[in-house]
Amino acid sequence: MHPIRKQRLYVVLSILLGTAVAAFLVFKGLSENINLFYSPSDLKKEKISVDNQIRVGGMVKKDSINKENNSLRTSFVITDFEEDLLITYEGILPDLFSEEAGIVAKGKINEEGTFIANEVLAKHDENYMPPEVAKTLKDKK
Amino acid sequence: MNRLTHYLPLALFIVLVLGLFTFLDREESDLRSVLLNKDFPNFSLSRLDNAEIITKDDLLELPSLLNVWATWCVACLVEHPFLMELKNESRIKIYGLNYKDDRNKALKLLDRIGDPYELSIFDKDGKLAIDLGVYGAPETFLIDNEGIIRVRHVGVLTPEVWEQKFNSVLSKLKEDEK
Amino acid sequence: MIVEIGHIFLIGALVVSFIAGFSPLLRFLTKDNFYYMVIGPMNNLVCLFIFLSLISLIYSFLVDDFSVAYIANNSNTLLPTYYKFAATWGAHEGSLLLWIFCLCLWSTTYFFINRQKDEEFVALTLSVLNQIIFAFIAFTIFTSNPFERILPVVPIEGADLNPLLQDFAFTIHPPLLYLGYSGLAVPFALSLSALISKKIDSVWAREARPWSLLSSGFLTLGIALGSWWAYYELGWGGWWFWDPVENAAFVPWLISVAMFHSLIVTEKRGIYKNWSILLSILAFAASILGTFLVRSGILTSVHVFALDPERGVFILAIFSYFILGSLIFYSFLNNKLPGRSTYNLTSKEFGFLLNNILLVILALSIMFGTLFPLIYEALNDGDQISVGAPYYEILILPFALALSILQGVGLYLSWSSTKQFNFLNRVAIESFSIFVILSLLVFFIFGTLSWGTFLAIAMFSWIFSGNLVDAVYQSTQLQELKSILIKRFGMISAHLGTAFLILGVGIVTTFSLERDVVLQKGESYKLGSTHFIFKEIQEAKRLNYSFQSADIEIREEGLIDQISPEKRNYLSSNQVMTEAAIKPTLLQDYYVTLGEQVGDGTWTFKLQIKPFIRWIWFGAILIALGTFVSSYRYVKRL
């Protein structure tokens with residue numbers, strides 16, 4: 001083969017190989033690591049398997065935060081103004097977590113319909129509401 | 001072959017941009033009219049021309065139109081003559097929702113080209129607009145006598161749109177009243 | 001008054017940058033070289049105007065002029081003076097102005113280095129830069145003006161700067177990052193100028209290289225500082241979250257690294273010209289996307305774009321103008337470039353090609369992951385998703401591995417075709433010895449090993465031997481070694497930097513310990529081999545916040561120390577913030593966050609031990625140092 005042809009072949013082949021590997025990883029990564037977002041009303045409507053890691057979001061209801069004494073366990077209720085959802089979490093809550101703050105929790109739902117969170121996020125800006133939460137609340141208000 | 005590869009990046013970019021625009025368009029056409037046939041949301045905002053705070057109850061003349069506009073919105077100027085026509089022929093009252101705008105600029109513009117609105121609500125931060133699910137300006141809503149949103153239109157309000165989307169509903173409302 | 005002066009300077013800069021940006025058109029029509037000669041001085045005038053404009057905004061911050069909306073929203077009389085100063089770039093509007101100022105610094109530096117050079121080429125480059133400056137000043141004035149007043153009712157007190165941003169690292173993080181972002185405009189402008197004047201050659205490549213190196217260096221520092229800030233300020237001990245803001249800086253970084261490697265080949269061998277030009281366009285595109293889409297909040301959701309049509313359309317217009325414009329120039333002005341040289345699979349050229357393919361594909365995949373939630377939302381009728389960190393971790397590992405392998409041997413490959421492969425044996429033996437020694441050391445320190453650590457240590461050893469150890473081993477005389485080290489200092493430093501970074505990341509991700517605990521006063525908790533003892537808690541007040549602080553004693557073999565994590569309540573915004581306490585040592589950090597009171601004298605804490613975390617930032621500093629030294633060499637030779 002002509003050297004320049006050959007050279008071009010190498011280039012094209014390595015680009016194709018690189019892209020194929022990346023496409024494979026992107027596909028694999030996306031199929032395993034997408035966390036769907038649900039509002040409390042969505043959860044009422046849809047049955048979610050107890051094994052699925054999902055994200056839920058809404059506003060923390062007033063007077064619903066319940067902290068156990070001498071323990072890291074907290075439970076609270078979030079709402080989208082239509083349905084409520086009980087969440088329990090064991091660990092330190094973020095600074096901006098408070099009543100009537102918009103939050104997003106990551107975790108799984110159990111048989112009784114309680115959400116067991118392994119991560120609770122309240123974004124680090126008091127004016128900021130996580131976009132999904134803002135949208136959920138807006139849709140329902 | 002070589003020539004072709006030269007145009008490849010340009011072609012890719014154009015496809016990308018076109019794709020992006022169709023996305024945004026889709027978003028527009030797929031609008032889920034969240035508030036259709038629901039109560040007009042409550043609000044408490046100031047008037048455009050003075051600092052007086054107004055609420056939903058100040059929208060006295062119903063049925064009426066609520067038109068979302070802004071000085072930065074070019075398409076709003078396009079529909080402006082038709083809004084003036086609606087006002088001058090007293091076909092319906094129009095309330096304005098001045099959206100994410102500068103108060104002085106807005107008042108100056110109305111002075112210059114004429115004010116089709118009974119009054120304008122000054123919504124600098126887009127608070128009411130968010131409740132209404134406004135995607136941009138212009139948008140027009142028809143509110144019936146009970147304060148319920150009956151029609152929503154995104155984009156320029158033309159005489160054709162008026163005939164097709166608004167007038168039929170409006171005449172039906174008037175019949176029901178009788 | 002000062003505010004109006006600043007505003008007028010900004011408008012003045014708008015006008016002058018417009019003239020400077022488009023005066024090549026006049027030159028084209030009149031053939032009068034005068035229109036080239038004025039561009040340089042006008043460019044400097046723009047820089048001066050922007051500087052004065054920025055100064056007047058800073059001044060207004062210092063004197064608490066709350067009649068300015070931007071200041072009222074981001075500052076406050078209680079704020080310490082230093083933070084009033086830094087609050088200038090605490091939010092969107094002011095940071096735009098800073099961005100423009102950074103770009104002006106680049107364009108003026110370019111002018112002073114090149115004023116003796118080819119008039120047309122320099123004038124064209126400066127005019128492209130001024131078009132960019134013009135576009136962003138227009139964006140600032142029309143959509144995000146920091147000088148806008150709130151009249152007639154002036155607030156007496158401002159809303160305060162977000163407490164998270166009241167931190168030294170965060171005050172210098174944006175300027176560094178922006179120097180990096182805006183620096184990418186220079187290679188972009190050079191490419192356009194070269195396309196137009198048909199001078200795409202080695203000289204052009206040599207000229208473009210220091211600028212891409214410098215931008216890369218500043219991006220490295222900016223990203224590292226951001227990560228360091230997140231580590232100690234967010235209070236969770238995380239140092240990289242793969243969130244859109246971080247990715248938006250990481251993507252241009254990857255592309256700029258690809259670019260300065262590709263430019264080496266263009267300079268030395270006269271090939272990959274098209275590729276280098278495309279990379280400079282891609283890097284600039286990524287930089288616009290990075291700065292503006294993220295800062296203006298548009299990347300969070302399609303919805304934001306639609307809700308703020310003005311900014312969104314403006315950004316799209318700017319983006320399309322520059323990228324579409326440059327691609328049109330690329331497509332139509334690009335003659336078949338001469339100077340092909342042949343190479344085969346074992347050549348240095350091919351090594352660089354692989355490096356570029358890997359870096360660019362990695363960058364594009366990260367960008368895809370960042371934008372995917374938007375695409376998904378648009379396609380699925382508003383359903384929202386997020387792409388988790390594991391996506392990026394799966395993605396980056398094989399690429400990092402391949403790049404490290406290249407990094408270790410790339411140095412020994414010859415142009416065109418490599419004939420001798422002795423180096424493979426040498427590097428393999430050297431790196432294996434280092435690998436064994438390091439693995440034993442790590443095992444000795446942590447008492448355990450995992451696949452992840454093995455991999456990280458292997459990558460470290462390979463890069464380390466390929467870049468440094470072999471040079472030491474091969475040189476027979478001290479003099480020889482010295483000259484090699486000096487000659488290659490930039491490259492060695494940057495490559496070793498990546499090696500340290502990889503080692504740090506590998507060890508901190510596998511050996512970190514973390515535990516949320518409830519402690520009563522006097523109680524202690526044992527994490528790993530360390531005792532954390534809760535001694536005391538007290539309350540007090542400082543200038544603009546009140547706080548509670550806990551005294552925690554750390555006890556370990558050969559180490560007794562006390563640290564005090566705090567919980568602050570900022571008075572003017574009533575915002576609560578945890579301030580983690582960190583005890584750094586050479587090998588690991590002890591990291592304690594104060595939670596809340598859950599009983600009488602009982603509090604919750606998050607205790608963490610982070611081994612080798614500092615090596616990550618140390619690596620980043622080495623990388624930046626390497627790029628700075630290399631670019632300095634190039635500039636000196638110009």
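Reply: In chain B, strand 1 and strand 2 form a hairpin, with 5 residues between them. Helices and strands here are DSSP runs (H or I, at least four residues, for a helix; E, at least two, for a strand), numbered from the N terminus. Residues are numbered from 1 along each chain as its sequence is written, while chains are lettered from A and ligands numbered from 1 in the order in which they are written. This is a predicted model, so local features need pLDDT of at least 70, side-chain atom pairs count only at pLDDT 80 or more, and totals for chains, interfaces and linings use all residues.

Strand 1 of chain B covers residues 44–47, and strand 2 of chain B covers residues 53–55. They run antiparallel, joined by 3 bridges. Two strands pair if DSSP finds at least two bridges between them. Ser46(B) faces Ile53(B) of strand 2 of chain B.

Strand 1 of chain B also pairs with strand 5 of chain B, residues 120–123. This pairing is antiparallel too, over 2 bridges. Here Ser46(B) has Phe122(B) as its bridge partner.

Strands also join across chains. Strand 1 of chain A (residues 34–38) runs antiparallel to strand 1 of chain C, with 3 bridges between them. Asn35(A) is the bridge partner of Ser386(C) there.

Now widen the view to where chains A and C touch. Chain C gives 43 residues to the contact, and chain A gives 37. Two residues are in contact if their C-beta atoms, placed from the backbone, lie within 7 Å. Several elements of chain C give two or more residues, among them strand 1 (385–387), helix 16 (389–409) and strand 10 (588–599). Helix 15 of chain C has the largest share, 9 residues. The chain C side divides into 23 nonpolar, 17 polar and 3 charged residues. Nonpolar means Ala, Val, Leu, Ile, Met, Phe, Trp, Tyr, Cys and Pro; charged means Asp, Glu, Lys and Arg; the others, Gly among them, are polar.

How confident is the predictor about chain C? Its mean pLDDT (confidence in each residue, from 0 to 100) is 88, and 94% of its residues reach 70 or more. Within chain C, helix 3 (residues 39–62) has the highest mean, 96, and helix 13 (residues 302–307) the lowest, 45. Over residues 301–307 of chain C, pLDDT stays under 50. For the complex, the predictor gives an ipTM of 0.82 and a pTM of 0.83.
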